[in-house]
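Here are a few worked exercises to go through with the model open in your viewer. Try each task yourself, then check the steps below it.

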Amino acid sequence: MISCKEAAFISSKNQYREANLKERIQLWMHLLACKACAAFARRNKQLTQLCKEASVKMLSPEEKKEMKALIEQS
């Protein structure tokens, strides 16, 4: 069986569909036995979903330069 540290890593990979079949099976078996890791996986999934729904706008490089200049002037 994989360790909790490995399960956390695979759980994160799985959120982005980067875990292969072997890793997903190992994770599933671990989550059946370890309730702490199962809770982590649920919270990780919720966090990923919230980030997708947030519609966060990032500053463009030009906007960053303008903001930096304004801060330096202060």
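**Exercise 1. Is Arg17 buried or exposed, and what is its phi?**

Keep in mind that this is a predicted model.

- Step 1: Arg17 sits in the loop between α1 and α2.
- Step 2: Check its accessibility. The relative accessible area of Arg17 is 76%, and the cut-off for exposed is over 50%, so Arg17 is exposed.
- Step 3: Look at the backbone. Arg17 has a positive phi of about 60°, although it is not a glycine.
- Step 4: Most residues other than glycine have a negative phi.

**Exercise 2. How many helices and strands does the protein have, and what pattern do they follow along the sequence?**

- Step 1: Count the elements. There are four helices and zero strands.
- Step 2: Read along the sequence. The pattern comes out as α-α-α-α.
- Step 3: Turn to the overall spread. The radius of gyration is 19 Å, well over the 11 Å that the globule rule gives for 74 residues, so the protein is more spread out than a compact globule.
- Step 4: Look at the box. Along the principal axes, the C-alpha atoms fill roughly 55 × 20 × 20 Å.
- Step 5: Buried residues account for 23% of the 74 residues. Of the contacts between residues at least 6 apart in sequence, 54% join residues at least 24 apart.

**Exercise 3. Work out how helix α1 packs against helix α3.**

- Step 1: Get the geometry. Helix α1 covers residues 4-15 and helix α3 covers residues 35-53; they pack at an angle of about 25°, with their axes 10 Å apart.
- Step 2: Classify the angle. Angles under 35 degrees count as roughly parallel, and that makes α1 roughly parallel to α3.
- Step 3: Find the handedness. The crossing of α1 past α3 is right-handed.
- Step 4: List the residues. On the α1 side you have Cys4, Ala7, Ala8, Ser11, Ser12 and Gln15, and on the α3 side Cys37, Phe40, Ala41, Asn44, Lys45 and Thr48.
- Step 5: Sort them by type. The contact of α1 with α3 splits into six nonpolar residues, five polar and one charged.

**Exercise 4. Are Gln15, Asn44 and Ala8 buried, exposed or partly exposed?**

- Step 1: Start with Gln15 in helix α1. Its relative accessible area is 18%, and buried means under 20%, so Gln15 is buried.
- Step 2: Look at its partners. Leaving aside neighbours within four places in sequence, Gln15 is in contact with Ala41, Asn44, Lys45 and Thr48.
- Step 3: Go across to Asn44 in helix α3. At 14% relative accessibility, Asn44 counts as buried.
- Step 4: Check the contacts from that side. Again leaving aside neighbours within four places in sequence, Asn44 touches Ser11, Ser12 and Gln15.
- Step 5: Finish with Ala8, which lies in helix α1. Ala8 has 24% relative accessibility and therefore counts as partly exposed. Ala8 and Lys35 are 27 residues apart in sequence and 12 Å apart in space, C-alpha to C-alpha.

**Exercise 5. At what angle do α1 and helix α2 pack, and which residues meet?**

- Step 1: Get the geometry. α1 and helix α2 (residues 21-33) pack at an angle of about 125°, and their axes are 10 Å apart.
- Step 2: Classify it. α1 and α2 are therefore oblique to each other.
- Step 3: Find the handedness. α1 passes α2 in a left-handed crossing.
- Step 4: List the residues. From α1 come Cys4, Ala7, Ile10, Ser11, Lys13 and Asn14, which meet Glu23, Arg24, Gln26, Leu27 and His30 in α2.
- Step 5: Sort them. The contact of α1 with α2 has four nonpolar residues, four polar and three charged.

Methods:
Residues are numbered from 1 along each chain as its sequence is written. This is a predicted model: local features need pLDDT of at least 70, side-chain atom pairs count only at pLDDT 80 or more; totals for chains, interfaces and linings use all residues. Side-chain values use heavy atoms; hydrogens and water are left out. Axes are lines fitted to C-alpha atoms, for helices over the stretch in contact, and angles run from 0 to 180 degrees between N-to-C directions. Helices (H or I, at least four residues) and strands (E, at least two) are DSSP runs, numbered from the N terminus. Angles under 35 degrees count as roughly parallel, over 145 as roughly antiparallel, 65 to 115 as roughly perpendicular and the rest as oblique. A crossing is left-handed if the near helix is turned anticlockwise from the far one by less than a right angle, and right-handed if clockwise. Contact means heavy atoms within 4.5 Å. Ala, Val, Leu, Ile, Met, Phe, Trp, Tyr, Cys and Pro count as nonpolar, Asp, Glu, Lys and Arg as charged, and the others, Gly among them, as polar. The radius of gyration is taken over C-alpha atoms; the globule rule is 2.2 Å times the number of residues to the power 0.38. Buried means under 20% relative accessible area, exposed over 50%, partly exposed in between (1.4 Å probe, protein chains only).
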